[in-house]
Amino acid sequence: MMAADSSQAGGQFGGRAYVLAILTLVYTFNHIDRQILLILVEPIKTELAISDSAIGLLTGFAFAVFYATFGIPIALWADRGNRRNILSLALAVWSGMTALSGLAMSFWHLLVARMGVGVGEAGGTPPATSMISDLYAPKERAFALGIYTSGIGLGILAGFMIGGYVYQAFGWRVAFFVAGIPGLLLALLVRLSIKEPKRGAGEQRDGDVEASSFGETMAFIGRQTSFLWLLAGCCLICISANAFLAWTPSHLQRAYEVGPADIAVPLGLLIGGAGSVGAILLGRVCDRLSARSLAWRPLMIAICAALALPFAWLFLQAETIMMAYAWNLLPSFIGLIYASIAYTASQELVGLRMRAFASAFMLFCLTLIGIGGGPTIVGWLSDQFAASGASMPLKSALEIMLVLNLLSVFALIMSARTYTRDVARAAQMT
């Protein structure tokens, strides 16, 4: 059946479509505030006199460790408390810390601010994905979560444009103010205009049951082999994807001698615009294929990872920036599908009162390993290659990351073998 109607699940001013739109906008701000630093790396690096390793720490581990660690307790809270209120508070925190990044006078000031952004954003996705799963039935869930995931691309697009053009006109500090302050107003809108959905409404199930304990939830996840294989595959992709996301602006600026404003629109449209369209369209395709067999959830990611690999390699070998953009089109288009299906899986493979935690656990691993590891590893490798005399050290570091895409395909095929069985087991957890 379809999810609960708008009278059950809507916001103050509309039905579930309104809630999904607001949650997608929140996720867009999540990634504006997270990714704006990437387009500003080169001027910040110059002004604050910091190395690639330090930049990797700022864009990777410093953010990820707080995002991942705080996500677990916040998710346990979300499985028991009011998810709307948690989301509104989290949005206010990360938006405020983004604005404060513009006041940084040293690497350490910026590091603390980025840690604060990580703490706030930890409260974003777990309650949001749990709410969406209560609003949309399984047969349309990947599409709904694809729309939500398009917030990543929209946030990258907006973040790159804000960063590039505001930097050019007013400097990188003002860019952080412009990115962060509007989120405080959006936090108020979330609090006042959205109702807390009824748990289990999307599947006509009773969500008024006691939430499972941490130990019970982890034990159940440990028995869901498809969850574990899918998590492994997505982590491998996430390391590579976030390494490229964090360092592509710098790679283009160094390889083709352009500035932040020169690449803001084309790169934003590629990674953000094409990525958003891909997340929505491929989410719809995934739902249709999954109607035949739920094994298509992980298989869809595996196929996309395999397709992206040669194009990502050719992107790094391009002789001109226009060729680089052309080779990056396909990887950008399919680049977000792993995230939307990972969110879908984290809701399908566990019980109702485990969903926010399962989403947070998925995010914990993807964030700490992927977002934390990818940019940090590439920054370190770049410095090592530079010390050994490599002519394009950053390019060499990014090439190594592509091996992980290949390894992910195996893990995702393994997940597909037991995915349908494990979804059926989770459905019995009421």
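Where is the place of Ala 49? Ala 49 sits in the loop that joins helix 3 (41–48) to helix 4, and we will come back to this residue below. Welcome to this predicted model, a chain whose secondary structure comes to 17 helices and 0 strands. The radius of gyration is 20 Å, close to the 22 Å that the globule rule gives for 430 residues, so the chain is as compact as a globular protein of that length.

**The chain as a whole**

- Along its principal axes, the C-alpha trace spans about 60 × 45 × 35 Å.
- Among the 430 residues of the chain, 62% count as buried.
- Looking at contacts with a separation of 6 or more, 84% of them are between residues 24 or more positions apart.

**The nonpolar core and a covered helix**

- The largest nonpolar core has 127 residues, and the members that touch the most others are Tyr 148, Leu 230 and Leu 252.
- Helix 11 (residues 225–256) gives the most to this core, with 15 residues.
- Leaving aside residues up to four places away in sequence, Leu 252 touches Glu 257, Val 258, Ile 263, Leu 267, Phe 315, Ile 321, Ala 324 and Tyr 325.
- Helix 7 (residues 125–135) is mostly covered, with 11 of its 11 residues buried.
- The buried residues of helix 7 include Pro 126, Pro 127, Met 131 and Asp 134.

**Empty space inside**

- Rolling a probe the size of a water molecule over the atoms shows where empty space is left.
- The count here comes to 3 cavities of 30 Å³ or more.
- The largest cavity holds about 690 Å³ of space.
- This largest cavity is lined by 39 residues, and the closest to its centre are Ala 241, Asn 242, Gly 335, Leu 336 and Tyr 338.
- Several helices give two or more residues to that lining, among them helix 2 (16–39), helix 8 (138–170), helix 14 (321–334) and helix 17 (393–427).
- Helix 11 supplies the largest share of the lining of the largest cavity, 8 residues.
- By class, the lining of the largest cavity has 28 nonpolar, 10 polar and 1 charged residues.
- The second largest cavity contains about 100 Å³ of space.
- Its lining is made of 13 residues, with Arg 34, Gln 35, Leu 38, Thr 59 and Ile 371 closest to the centre.
- At least two lining residues of the second largest cavity come from each of helix 2, helix 4 (52–78), helix 11 and helix 16.
- Helix 2 has the largest share of this second lining, 4 residues.
- The lining of the second largest cavity divides into 8 nonpolar, 3 polar and 2 charged residues.

- Most residues other than glycine have a negative phi.
- Ala 49 is a residue other than glycine with a positive phi, near 55°.
- Ala 49 counts as exposed because its relative accessibility is 68%, and exposed means over 50%.
- Glu 257 is not a glycine either, yet its phi is positive, at about 55°.
- The loop that holds Glu 257 runs between helix 11 and helix 12 (260–290).

Definitions and conventions. Residues are numbered from 1 along each chain as its sequence is written. This is a predicted model: local features need pLDDT of at least 70, side-chain atom pairs count only at pLDDT 80 or more; totals for chains, interfaces and linings use all residues. Side-chain values use heavy atoms; hydrogens and water are left out. Buried means under 20% relative accessible area, exposed over 50%, partly exposed in between (1.4 Å probe, protein chains only). A nonpolar core is a set of buried Ala, Val, Leu, Ile, Met, Phe, Trp, Tyr and Cys residues joined through side-chain atoms within 4.5 Å. Contact means heavy atoms within 4.5 Å. On a 1 Å grid over the protein atoms alone, a cavity is a set of points where a 1.4 Å probe fits but cannot get out, and a pocket is an open set with protein on both sides within 12 Å along at least five of seven lines; lining residues have an atom within 4 Å of a point. Grid points are joined across faces, edges and corners, and a volume is the space filled by probe spheres set on the points. Ala, Val, Leu, Ile, Met, Phe, Trp, Tyr, Cys and Pro count as nonpolar, Asp, Glu, Lys and Arg as charged, and the others, Gly among them, as polar. The radius of gyration is taken over C-alpha atoms; the globule rule is 2.2 Å times the number of residues to the power 0.38.
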